Every structure is written in structure tokens, then in C-alpha cells.
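Please read these points with the model open.

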Amino acid sequence: MEIKIKKTYKAIHEKLCVKLWAELARRQTRVWLCKLATYLKEIQHVDILSGYKSASVAEPGTRRSNEEQLWEAAGYLPFSRAKIGSFFQERPVLKNPFLEDALLRGYLRRHLPQEAPFSDLCAFGERVANEVDDWGRECEVTPPRLVHFDPWGRRVDHIVTSPAWKRMKDLSAQEGLVAIGYERSFGEWSRVYQMSKLYIFSPSSGLYTCPLAMTDGAAKVIQSIGVSWPVDEAYGRLTTRQPERFWTSGQWMTERQGGSDVASGTETVAVPQTDGSYKLHGFKWFTSATDADMTLTLARAQDRTGATTPGSRGLSLFYGEVSRDEDGRLKGIEVQRLKDKLGTRQMPTAELLLDGLPLSEEGKGVASIANMLTITRIHNSTSAAAAMRRVVQLARDYATRRTAFGKLLKDHPLHMQTLARMEVETRGAFLLVMDVCRLLGREENGMATQLDAHLLRLLTPVAKLYTGKQAVAVVSEGLESFGGQGYIEDTGLPGLLRDAQVLSIWEGTTNVLSLDVLRSVARSSGMVLHAYFTHAKVRGASNVSSLAPAVKAVDGALSELEDFVQIAATRAPGYLELAARDLAYSLARIYMGALLIDHACWKGASSSDTYAALRWCEHDLCPVATKQARGCYDLSTAPLDAALVYDRPVQG
């Protein structure tokens with residue numbers, strides 16, 4: 001009888017302990033858990049604390065202990081198998097970038113309403129999200145490498161790229177990423193269509209948009225000088241949709257003495273041969289897309305005595321094909337090393353020794369470079385806007401998946417305010433880039449007025465310099481929206497920022513392009529500014545009362561800009577140089593404001609279009625006028641700036 005009573009007591013006691021343990025575990029009251037474990041140990045019931053420890057090291061397939069069964073009955077075995085817990089944060093998901101972009105779709109519905117481009121971009125967006133983005137990641141984690149010698153010691157200089165990089169080349173041909181601009185199936189809007197497709201592709205391309213930019217630029221140069229022998233074959237290959245025929249072009253300009261200052265920095269010489277051809281000899285410090293099939297490169301042509309002409313007058317642009325001899329050696333080229341870059345690691349960039357690179361004809365004047373720069377700078381601007389759009393798309397998706405402080409990120413007003421500011425920047429950049437593409441399309445189709453041509457000349461460097469700076473800021477802000485994960489390499493997010501940094505450097509830094517803006521003003525006798533003021537005036541918004549504050553801001557900024565130009569014209573030349581950067585920023589901001597207002601006025605516009613225009617026009621649209629009023633461009637500031645930069649501690 002006594003034994004039966006003890007067994008009954010023990011069963012009741014165990015049930016009470018299990019219920020109490022489950023409740024305490026649910027509340028995660030560790031102090032009381034420890035007290036209960038101590039008590040149970042003292043009455044020689046079960047060692048629950050040791051059961052807690054054993055649960056964390058039990059191997060799969062082993063028999064569960066009494067202690068584990070007790071924990072399981074309590075419903076509290078969080079680390080019994082996984083050891084790292086059961087919570088895993090959902091990653092941001094890349095959805096069809098065309099369908100997810102309301103502004104892109106609205107812009108095309110307004111200006112290019114045909115169904116064919118829409119269907120093509122929709123299908124391409126699906127392919128980018130489901131297939132191409134993985135290729136881009138493969139290019140990132142498998143960067144190019146240089147193999148100098150074969151196993152038997154012969155110099156071969158093979159640049160080995162990932163299979164995904166090669167797939168990108170085939171895709172580019174199939175999708176017409178260069179060809180669309182030359183087929184011109186949609187007239188003046190063909191460039192808008194082409195750049196819209198590249199805009200979708202760029203962030204997932206593994207930087208393949210860079211060789212495509214140079215390929216497009218090379219095709220433009222050949223077209224501008226006349227498609228004839230020996231470059232007619234190259235032109236056909238650069239603009240084909242057939243992957244087996246498609247060529248990409250490199251751009252080999254930069255030498256040790258400088259990048260943008262090619263007039264004084266080019267030492268490479270073109271030596272004439274008896275058959276009328278040339279051979280190149282020199283050293284190229286930075287060659288982009290070094291694995292390309294052909295290149296455009298700068299050199300100084302020697303005369304029969306070996307003399308060259310200094311300065312830009314002595315420079316020529318040469319076309320050369322990259323080929324190998326029977327032994328597999330590059331003809332007239334040695335690859336010295338690949339560049340170890342901050343970003344754009346997916347694309348091979350190298351130092352090249354040109355030791356007799358064969359050229360079939362005499363070079364063309366450097367004036368032909370202008371056409372190439374227009375194209376490559378527009379590509380750069382497109383990639384900048386695309387980088388902003390991509391980080392915004394990922395950040396807003398993540399905000400629907402990440403919970404912090406008891407609610408989703410999308411339900412935190414401050415977080416939404418931050419993303420909205422990024423969205424406004426992205427919208428302004430997109431509309432500016434597309435308007436430059438529109439102007440290019442009009443020029444190429446013979447529809448451009450003189451004002452259009454002047455505006456294209458002015459806005460090309462303005463768009464490139466401003467969107468390049470925007471991209472770095474917006475993508476950096478975007479990484480913050482992912483918290484610590486934005487800093488972790490294998491998420492793929494940091495690569496967006498590293499790659500964005502090149503956008504303000506390649507094809508002219510911010511200061512170089514700001515001076516180019518001044519040059520365009522001087523060489524056109526101010527006509528580029530006349531074209532700007534004519535186009536930037538807001539029209540058709542007077543009957544949209546909700547846009548009144550934005551219209552007032554743009555009109556006021558235009559008036560301030562006109563006042564600045566008149567004052568600057570009376571000052572010494574150094575005055576405008578000090579103001580060049582802020583002048584370029586002002587040109588960009590005012591024009592973006594006008595474009596946002598214009599887009600918000602069309603019949604298919606949404607309330608978000610109106611709100612974006614209002615938010616953009618809260619900026620200081622004319623910083624050059626603001627800083628002029630503070631005396632920032634007085635020539636006396638130049639030595640003060642230098643003294644500040646080189647300030648040294650007082651000796652003694």
C-alpha cells in the first residue's frame with residue numbers, strides 16, 4: 001500500500017513540475033527555472049538543468065533521454081537540433097524589375113505606347129529576375145584572372161573569365177542591347193527603348209554593361225566617320241543580334257601621365273609601315289574590357305623621320321583588332337597585369353604593353369572621340385539611375401519582410417520617409433537620363449532642332465556627373481536599410497556600392513565634367529544655355545493647383561540662375577571655374593524639377609508623380625546662386641582653400 005501511494009505521489013508531482021516548467025519556459029524566466037531545477041535535484045526527482053544541457057548536444061538518431069522528453073512535453077526544445085535557433089530572416093526578393101517600376105512603365109506608356117517594346121521589356125525583366133541576376137552574381141564571385149604562360153612556358157596572356165561572363169555576351173547580342181540603337185525600329189524613341197532595356201539589365205549584368213557602353217561608342221564612331229573598309233566588318237559585328245558574330249570593343253585611352261588629359265598624357269606612337277599600315281608602340285595604363293575583340297585607342301602618328309606633333313593636334317584615334325598568332329600569342333600586345341579595383345571586379349581591366357599592334361589604316365582626328373563620349377556618358381548615367389532603382393526595389397521589398405521593434409519596417413514612418421527620399425532621387429535621375437536619350441534619338445533620326453543639339457551637348461556631361469554622385473549616395477543609404485546585412489559580402493549588397501563608386505570617376509570625374517560644361521558654354525557662345533532656359537521653363541502646369549509650389553520653386557530657381565550667369569559674365573575667368581561644380585549641380589536640379597513637374601501633368605500621372613515633384617522641389621534647386629550670395633566664388637577664396645588643405649602645425 002505504501003509503495004502504491006509513493007508511485008501515485010510521484011506521478012502527480014511530475015505532472016505539476018512539467019506544467020510549471022512549461023509555463024516558466026514560455027515566459028523565459030531563467031532565474032526561476034534555475035531555482036526549480038535546484039529544488040528538483042534536491043528532492044532527487046530529475047536533473048532538469050542537465051537535461052537542458054544534454055538537449056543541445058544530442059545527435060540526430062540517438063535515443064531521447066528522460067530529460068529531453070520532459071523538455072519536449074513542455075514544448076520548449078528550441079536548440080535541440082539546429083543549435084542556432086529557429087529564426088531566419090527572409091532575404092529581399094528581386095521581382096521583375098520592369099513590372100515593379102511604375103515610373104518606367106508610365107514614362108513608356110506616355111512616349112512609346114506601342115505594344116512590342118512593352119512586351120519585350122516585360123519578358124526581359126522576367127528573365128533578369130529569374131536567370132540573369134544569378135549570372136551577374138557568378139561574375140562577381142568568379143572574377144577574371146590572368147594566365148601569363150601555358151604549361152610549357154610559352155607566353156599566352158589569356159584572360160580567363162567565368163562562364164557567366166561569356167553568357168552575358170551571347171545574351172547581349174540576342175536581346176539587341178546594342179543593336180536596338182542602330183536598328184531604329186522606333187524612330188526617335190529607339191534610344192529610349194534601348195536604354196530602358198539596359199536600365200533593367202545593368203544591376204544584374206555583372207558589369208557587362210561596361211563593355212556594351214564601349215561597343216556602342218565604337219559603333220557610333222564608325223558610323224559617324226562612314227561605314228567603309230576596313231571597319232565595315234567591325235560595325236556589322238558590333239551591332240548584330242547573332243551571338244556567334246557579335247563583337248565587343250575595348251577602349252584603350254589612359255596612359256601613365258593621365259586619364260582625362262589625353263592631349264598631354266599620350267605617349268603611344270603609331271609607326272607607319274611600307275605597305276601603308278601602322279604599328280602601335282606604347283604602354284596603356286588602364287584598358288577597360290581588355291578581353292574585347294577590337295579596340296579604339298589613341299596614339300601619335302610618326303612621320304617618316306620619326307617625329308610626332310605635340311598636344312591634341314598630334315593625336316589620332318586608331319582602330320585595332322585583337323588577334324593571336326599560330327602559337328596562341330597575342331599579336332603586338334602583352335598583358336602586364338590585371339587591375340585590382342575597388343569595384344567592377346567582374347570586368348577585366350589591364351595594363352597593356354603595345355609592341356607592334358598592327359593597324360590597317362591611318363587614325364582619325366580626336367574630334368571623332370566626341371561622339372563616343374556622348375554614348376559612353378549616357379550609358380554611365382543609365383547605369384547610375386539603374387543602381388539607384390535596384391537598391392530602392394530591394395529595400396522596399398525587404399521592408400515588407402523585416403520586423404524591428406514589434407512591427408515591419410514598412411510600418412515605421414521614419415523608415416518610409418528615408419526610402420521615399422531615395423525614390424525621389426531615383427525618379428529625378430531617371431527622367432533626366434531618359435530626356436538625354438530622347439535628344440540623342442532625335443539627333444540620330446534627323447529630327448533635332450538646333451536647340452535640341454545644343455541641349456544634348458550641355459546635358460550629357462551634366463547628367464553623367466550628377467547621376468554619378470547621386471548613385472553613390474542613394475546606394476549607400478540603401479545599404480543602411482538592410483542593417484548589418486547590407487555590409488555582408490555574400491548578400492551581394494556591398495557590391496552595389498563598390499560598383500557605384502566608378503560612376504563618378506569613369507569617363508570624366510565631377511570636376512572634369514564641370515569644366516566641360518563651361519567649355520560647352522564658351523564654344524557655343526552661350527547657345528547651350530539659351531537652349532537650356534528655353535526647354536527648362538515649365539509649361540502646362542498652371543491648371544494643376546497641387547503642383548503650384550513646385551512650379552514656383554523651378555521658376556524662381558531659373559530666375560536666380562539667369563541672374564548668376566549675367567553676374568558671372570562680368571567677372572574674371574577664374575570666377576566661373578570656382579563656380580563650375582555648383583553651376584552643373586544647379587543645371588541638373590532645376591531641369592530634373594521641370595521634368596518631374598512635366599511628368600506629373602500628363603493624363604496618366606498618379607498622385608505619387610505629383611508628390612515626387614513636390615518633394616524634389618523642396619531642394620535648393622540653384623545652389624550656385626545660394627553660394628554666390630555668400631561670396632564663395634570670390635577669387636580671394638582660392639589661396640585660402642589651398643592654405644586650409646595644406647595647413648601644417650606651427651613649429652617651435
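1. Burial terms come first. A residue is buried under 20% relative accessible area, exposed over 50%, and partly exposed in between. Cys122 has 27% relative accessibility, so Cys122 counts as partly exposed. Cys622 is at 1%, so Cys622 counts as buried. The structure holds zero disulfides.

2. Now the overall picture. This is a predicted model. The protein has 652 residues, and 50% of them count as buried. Its secondary structure comprises 23 helices and 12 strands. Take the contacts with a separation of 6 or more: 73% of them are between residues 24 or more positions apart.

3. Helix α6 deserves a look. It covers residues 115-141, 27 residues in total. From first C-alpha to last it reaches 38 Å, close to the 39 Å expected at 1.5 Å a residue. Where does α6 bend? The bend is at Val128, by about 50°.

4. Which residues of α6 are buried? Among them are Phe118, Leu121, Phe124, Gly125, Val128, Ala129, Val132, Trp135, Gly136 and Cys139. An α-helix has 3.6 residues a turn, so residues three or four places apart point the same way. The cover over the buried residues of α6 includes α5 (102-111), α7 (163-174), α9 (190-201), α13 (369-398) and α16 (493-500).

5. Two charges sit over rings. The charged end of Lys197 is over the ring of Phe124, 5.1 Å from its centre. Arg571 lies over the face of Tyr575, and here the distance to the ring centre is 4.9 Å.

6. Aromatic pairs number 14 in the structure. Phe186 and Tyr193 have ring centres 5.3 Å apart and planes at 85°, so this pair is edge-to-face. Both Phe186 and Tyr193 are buried. Tyr532 and Phe533 have ring centres 5.7 Å apart and planes at 80°, so they too form an edge-to-face pair. Tyr532 is buried, as is Phe533. Ring pairs also join Tyr107, Tyr199 and Phe430 into a cluster.

7. Check the peptide bond between Trp229 and Pro230. It is cis, with omega about 5°. Trp229 is in the loop between α10 (209-225) and α11 (232-238). Pro230 has its place in the loop between α10 and α11. Is Trp229 buried or exposed? Trp229 has a relative accessible area of 65%, so it is exposed. The C-alpha atom of Trp229 is 9.7 Å from that of Ser360, a residue 131 positions away along the chain.

8. Asp157, a residue other than glycine, has phi near 50°. Asp157 is in strand β2 (residues 155-160). Its relative accessible area is 3%, so Asp157 is buried.

9. Phe405 is in the loop between β11 (403-404) and β12 (407-408). Why does Phe405 count as exposed? Because its relative accessible area is 82%, and exposed means over 50%.

Key. Residues are numbered from 1 along each chain as its sequence is written. This is a predicted model: local features need pLDDT of at least 70, side-chain atom pairs count only at pLDDT 80 or more; totals for chains, interfaces and linings use all residues. Side-chain values use heavy atoms; hydrogens and water are left out. Helices (H or I, at least four residues) and strands (E, at least two) are DSSP runs, numbered from the N terminus. Buried means under 20% relative accessible area, exposed over 50%, partly exposed in between (1.4 Å probe, protein chains only). The expected span of a helix is 1.5 Å times one less than its number of residues. The bend at a residue is the angle between axes fitted to the seven residues ending there and the seven starting there. Contact means heavy atoms within 4.5 Å. Rings of Phe, Tyr and Trp (its six-membered ring) pair if their centres lie within 6.5 Å; planes under 30 degrees apart count as stacked, over 60 as edge-to-face and the rest as tilted. A charge sits over a ring if NZ of Lys or CZ of Arg is within 6 Å of the ring centre and within 35 degrees of the ring normal. A disulfide is a pair of cysteine sulfur atoms within 2.5 Å.
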